[in-house]
There are 2 protein chains.
Amino acid sequence: MEASARRKGQGGRQARQARRAEAGAPAGRPGIRRAVPPIELLDEESLLRIERAADRILAEVGIEFRDDPAALALWRRAGARVEGALVRFEPGMLREILSSAPRAFVQHARNPANSVRIGADQVVFAPAYGSPFVMDLDRGRRYGTLEDFQNFVKLAQSSPWLHHSGGTICEPTDIPVNKRHLDMVLAHIRLSDRPFMGSVTAEDRAEDSIEMARILFGADFVDANCVILGNVNVNSPLVWDGTMTRALRAYARANQAAVVVPFILGGAMGPVTTAGAVAQALAETMAGCALTQLERPGAPVIFGNFLSSMSLRSGSPTFGTPEPAVGSLAVGQLARRLGLPLRCAGNFTTSKLPDAQAMAEGAMSMLSAIHCGANFVLHSAGFLDGLLSMSYEKFVLDCDLCGALHTYLQGVRVDEATLALDAFAEVGPGGHFFGCAHTLAHYETAFRPSETGDDDPYETWLEAGAEDAATRANRIWKRRLAEFEPPPLDPAIDEALADFVARRKAQGPDMWH
Amino acid sequence: MEASARRKGQGGRQARQARRAEAGAPAGRPGIRRAVPPIELLDEESLLRIERAADRILAEVGIEFRDDPAALALWRRAGARVEGALVRFEPGMLREILSSAPRAFVQHARNPANSVRIGADQVVFAPAYGSPFVMDLDRGRRYGTLEDFQNFVKLAQSSPWLHHSGGTICEPTDIPVNKRHLDMVLAHIRLSDRPFMGSVTAEDRAEDSIEMARILFGADFVDANCVILGNVNVNSPLVWDGTMTRALRAYARANQAAVVVPFILGGAMGPVTTAGAVAQALAETMAGCALTQLERPGAPVIFGNFLSSMSLRSGSPTFGTPEPAVGSLAVGQLARRLGLPLRCAGNFTTSKLPDAQAMAEGAMSMLSAIHCGANFVLHSAGFLDGLLSMSYEKFVLDCDLCGALHTYLQGVRVDEATLALDAFAEVGPGGHFFGCAHTLAHYETAFRPSETGDDDPYETWLEAGAEDAATRANRIWKRRLAEFEPPPLDPAIDEALADFVARRKAQGPDMWH
């Protein structure tokens, strides 16, 4: 689980094949196996009420599946009531369909030591996703570029506290909209040897992403194993757009995992009250997850959720607030009752700087991901500015928080060595543990050092320049980028990927929006 | 529970007596009644192992009670094995003694609407305690003065998110050590109408504090009700100093609540491993709590704990780190098994600025207080600099976090109104909830606005000066102090307190260390 335990990938198709075989085994994955149980917030009756409300929404109001006749055909065949684009579902129908989805699955990385297990008691941290802007202390806010995107892939790869390379870490806005997915997937493969996500913004972009995964892993391996995720969003309330369902079906068809996520801003795309928003999200997510199983029974799928709150003053969304933090605990319970891996919450804030607000909100939100039992924590690092900006400094600070959460999630080990009864006998009342045998044996591993925090005495800190955490983080990301070395990649695969990207880029005009 | 629901105190002894009678009722206290359950980290076997380790420490190593013959006499009479200052306890003996301690109790405030219930599912937030220094953005770090102390009492009183005025919020170092408790208690009574804490640094200072409470509440009322807390520390490992036990016994004798707290820096005053530190703390705390029951069976007492970690580089204590955060969860379980109200964790950091580090560490640490089930959260607001400094800005930021935790701890209400099924029927797929009846009925109360966070769009924030959270907090505390009005206090009581303070100050020389 530690970075030091990860082996560098070695070149050669054979070696890779050998490692792939090893990757089938479920043990020893990176990611965290949690010893801290999720919080069970609601009682059985309240959970049943939410589930029944979701069932009524599905049966009485229904969900529209727009611009995707194949999806409507799947629903019709499965026995749903389809009228035009509106689909209604008998209570229990979606749960029945979802019973074929795996409770947990392995997402393979090109370096098998980095493959992750998603589900059950596993926790996987991935960078934030989807910001058009980037920020740093030197240059402020600007539109993201491919260079920024590549930088964040490098920073993620070089952090021992993330397990996943993520997807659209920031939008590379200097590349045409219809071609940037090629550069993004290529960067994930070249600059990282961890698992990653592909595009979902059009069916052909989803298929390009999967095709590139096939070049990397081999087509047969991909058909039998999850190697790429696609994060698809509901157009809440109660609408699935064809762009998303076609991408979702493309991932499922290829036996790859869709992450199915409603985005409900209370008072706009859903009720302002958390229980209603959660019921709606449950309905929308179950429908999307079930569609993956109609496309290909047994395909891996992740139950996603994203709650947000609203500023009463401006009507704009707020993040890192307590309502979604506690609402996520209920979402976690519902996902566990469905037996699906969960993506929920992450590190959110509306702050425009990597300041006290950013980390107060970010920590509350990130801890709700931990306590709700999320298995795949997208948005673990980088967000500022209400999800609109990726911050270089915040990324570094958030990775450090992820490191602290590794320690937190390990819980408290209780055994003869940790209870230290011999030490009490040795030291006695009024004594000092500093030199005792127990301390000497354990002090080096007892406490995790922070990467970004300053624990010097005040005077030392003052003499060293009285820096704040953001300034230290600024220095850290620059050093990380300067020292970065990409993990080795088979040159033949690299070339095949480059060829694929060049060929696809040559097809069709550039689109800029 | 809301500030708006609190009545201003009205003058007159009769009115006060009437309010006191009302204060006996347990309902409608301020403080939070939690709907989020504590985290049950360890299984039964692990908890038993820690309890048995504590029992063995108590029986085989023992605890020294220094310079307090009366305490030794109490132990001897209770059947403990006393040899010199060393006291050893048969397994089960302390638990038996502790069975007379209340599981929860009311601490009365001079404004009965502010009385708090401590224990069970209640959460009470109090300011930080004990820093020699204060800090603000304008003047940096300096020794605390009585004016600073008074300022923090005012800031606490003016926050709707704290429930308690605390104790030594900062050391008023411009007042002699042996007399400053008089000014501190006077400030708590004059500038706040919430519950407060008294001195413990010498037996006569503890008795002065209680005597001032008697002037305020009446001697009979004080003998029958808890009106003041005293926070006493173990001299870990396994030593209780006479200064502390005499103060502890003074509080118990007066039927007032001692908060019994070991301070274990792993590797120095206890083992570096969390399980051992927790076992030691359990032994030390049980002994202190039991002593209160020998002094006066039935006296209220709070099981306190304070875990810390260590910097491997410097050997100095670190705060807001994950090891104490998760260790606190185990401590909470042990306190609940003992059936005692719990004080544990708080808002800790080693940062020297109200920056990202301060709130990342502070939030992790504060949320561990929430999730471990702490009933009395001392140190909820203000600490920076490894507990050495009270920061004006951090205080404001922390109070805002306490506000967010009010919302978080309320959990998720699930009923017909919050499930909003009518709204889904009204809005339908693809519709908008903004104008629907459900939103109009609930939006004003749905989301708590932050006091210190900025949720404006980037451009608005930039035009308004691009301030960070610390700068906003700086403005907020200045405005709060400028607008502060002390809650009304019966002039006769005010005068009697002033007389008492003047008389006691005139007795004996000033001591400066």
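In this predicted model, Arg141(A) forms a salt bridge with Glu459(B), and the closest N and O atoms are 2.9 Å apart. The pair crosses between chains: Arg141(A) belongs to strand β9 (residues 140-143) of chain A, and Glu459(B) belongs to helix α17 (residues 458-463) of chain B. Arg141(A) has a relative accessible area of 17%, and because the limit for a buried residue is under 20%, Arg141(A) is buried. Glu459(B), at 42% relative accessibility, counts as partly exposed.

Across the interface of chain B and chain A, 4 salt bridges are found. The polar contacts between chain B and chain A amount to 28 residue pairs, both residues being at pLDDT 80 or more. On the side of chain B that touches chain A, helix α12 (residues 356-372) of chain B gives the most, with 8 residues. By class, this side of chain B holds 59 nonpolar, 31 polar and 23 charged residues. The contact as a whole takes 113 residues from chain B and 113 residues from chain A. About 9,000 Å² is buried between chain B and chain A, and carbon and sulfur atoms give 72% of that area.

Over all chains, the whole structure contains 68 salt bridges. Within chain A, Arg249(A) forms a salt bridge with Asp68(A). Arg249(A) lies in helix α9 (residues 242-253) of chain A and Asp68(A) in the loop between β2 (63-65) and α3 (69-78) of chain A, so this pair ties together parts that are 181 residues apart in sequence. Both Arg249(A) and Asp68(A) are buried.

Glu203(A) forms a salt bridge with Arg246(A). This pair also links distant parts of the chain, with Glu203(A) in helix α7 (residues 203-217) of chain A and Arg246(A) in helix α9 of chain A, 43 residues apart. Glu203(A) is partly exposed, at a relative accessible area of 25%, and Arg246(A) is partly exposed as well, at 26%. Salt bridges that share partners join Asp68(A), Glu203(A), Glu207(A), Arg246(A), Arg249(A), Arg253(A) and Glu295(A) into one network.

| Salt bridge | Closest N and O atoms |
|---|---|
| Arg141(A) and Glu459(B) | 2.9 Å |
| Arg249(A) and Asp68(A) | 2.7 Å |
| Glu203(A) and Arg246(A) | 3.6 Å |

Conventions: Residues are numbered from 1 along each chain as its sequence is written. Chains are lettered from A and ligands numbered from 1 in the order in which they are written. This is a predicted model: local features need pLDDT of at least 70, side-chain atom pairs count only at pLDDT 80 or more; totals for chains, interfaces and linings use all residues. Side-chain values use heavy atoms; hydrogens and water are left out. Contact means heavy atoms within 4.5 Å. Buried area is the accessible area (1.4 Å probe) that two parts lose on being put together, summed over both. A salt bridge is a side-chain nitrogen of Lys or Arg within 4 Å of a carboxyl oxygen of Asp or Glu. A polar contact is a pair of N or O atoms within 3.5 Å; within protein, one must be able to donate a hydrogen and the other to accept it, and residues adjacent in sequence count only if both atoms are side-chain atoms. Helices (H or I, at least four residues) and strands (E, at least two) are DSSP runs, numbered from the N terminus. Ala, Val, Leu, Ile, Met, Phe, Trp, Tyr, Cys and Pro count as nonpolar, Asp, Glu, Lys and Arg as charged, and the others, Gly among them, as polar. Buried means under 20% relative accessible area, exposed over 50%, partly exposed in between (1.4 Å probe, protein chains only).
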